[in-house]
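Here are a few notes on the charged side chains, written for someone new to this. Have the structure open as you read.

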Amino acid sequence: MKIGVVSLGCDKNRVDSEKMIARLVAAGHTVVSSEEEADILIVNTCAFTEDAKNEAIDEILSAAEAKKRGEGKKLIVTGCLPERYMESLEEELPEVDAFFGVADYDEIAGAIGKIERGDRIFCRGGGDDYYSDRVLTTPYHYAYLKIAEGCNNFCTYCAIPSIRGKYRSERPEDLLAEARKLSDDGVKELILVAQDVTRYGVDLDGKPHLIELVRELEKMDFEWIRLLYLEPEMVDDELIAFVANEPKVCKYMDVPLQHVDSGVLKRMNRHTDERLTRELVGKIKAAGITMRTSFISGFPGESEEAHRRLAEFIRDAGIDFAGVFAYSREEGTPADRMRGHLPEDVKQARADELRAIENEVIERNAASLVGSSLKVLADGIDYDRQCFVGHTERQTPDVDSVVYFTSDEEVRAGEFYTVEAVSRDGIDIIGRTV
């Protein structure tokens, strides 16, 4: 069968999609890139926020229209949306032939024959075995390594524990074997992801083993190893020094802070406060590490004073990159039952204000790089700009700003170049190879 796959949501979901595709290929199916060519359409969904759910529904309905245009086509929906809303989706989306939850990818290949015969399948609550094979959907020179599943932090706004379950670290021997294959296949940048990478191994023997894992990964041929999603209360002096000093570890930390006001942080169940947050940011910046974070604006009970404190913090802390999100009310979470929910227009206005402040910070940081030489990993060509595009170790691909550059010599995607920054365009760097 020819199968088309659409993957939505985060990079952790991307890894799930890549391993699902590998299972299908191993079962003898062919993956195609167009809806028209596909016999079976699969939409791997996210349901983390209201926007993510709406995007998933829109993509499913689009695939359903493609199904109508092709005789005999089938439609499968996988991932977080069916895991969370299987009962309602069964009635609301009759166009879908099968639903599979977040731990049921092992079942899909074996169920395709039944789906072809007209059976409608609902599969949720499974327990997939670890699967090492991947079909990369990123450019070949970088890849994500998902080192754990689930979360034990129980932030009051978040539905991830109810969707993905408790925190579960993958076995180090499995991860190292998977990484070895990626290294042998030419991956230059390995990006470690989980809902919380800092707790890797805690569920195995009560102690975090992230640094030990990375030291083993450093023995492979990766040029860069990047760490995403480090919970602030777990980022200690040892980890900061490790990131700052290890030659293969990107001088970059993604630490989701979510807020700075102690009262808001307490209601979020974030296990930190304003003093510790400010101290942590100061330590990371003092170590010369680029920092990305995320903030939630308009959390229930957020006062004007709390919002002002967050705005001043973003303006003064000099955090290199930040995503700002208006609070999304998620049914079933403790925050959903809190008092003090703010009107949507207030949440959006506050989020817009914070984004504007952070954008000024990013532009200021970009301006400070003009005149410097940067080590850039080439990602490809921007045909609209008629130049090459890449990123440095201080920019996560597909997330942060980029480096646009020209060259008098041949440039190949996946290779490193020294680029002189000559100007900026908004938050992005403009340069030329040296």
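1. A quick term before we start: a salt bridge here is a side-chain nitrogen of Lys or Arg within 4 Å of a carboxyl oxygen of Asp or Glu. Keep in mind that this is a predicted model. Counting by that rule gives 48 salt bridges.

2. Take a look at aspartate 400 and arginine 292, whose side chains form a salt bridge with 2.6 Å from N to O. The two are 108 residues apart, so this pair links distant parts of the chain: arginine 292 is in strand E13, while aspartate 400 is in the loop between strands E16 and E17. Buried or exposed? Aspartate 400 is buried, at 11% relative accessible area, and arginine 292 is buried too, at 12%.

3. Next up is glutamate 304, which makes a salt bridge with arginine 350; their closest N and O atoms are 3.5 Å apart. Glutamate 304 sits in helix H12 and arginine 350 in helix H13, so the pair ties together parts 46 residues apart in sequence. Here glutamate 304 is exposed, with a relative accessible area of 56%, whereas arginine 350 is buried at 7%.

4. Now stay in helix H13, where arginine 355 and aspartate 352 are three residues apart, so about one helical turn separates them. They form a salt bridge, with 2.8 Å between the closest N and O atoms. Arginine 355 is partly exposed at 34%, and aspartate 352 is partly exposed at 44%.

Key. Residues are numbered from 1 along each chain as its sequence is written. This is a predicted model: local features need pLDDT of at least 70, side-chain atom pairs count only at pLDDT 80 or more; totals for chains, interfaces and linings use all residues. Side-chain values use heavy atoms; hydrogens and water are left out. Helices (H or I, at least four residues) and strands (E, at least two) are DSSP runs, numbered from the N terminus. Buried means under 20% relative accessible area, exposed over 50%, partly exposed in between (1.4 Å probe, protein chains only).
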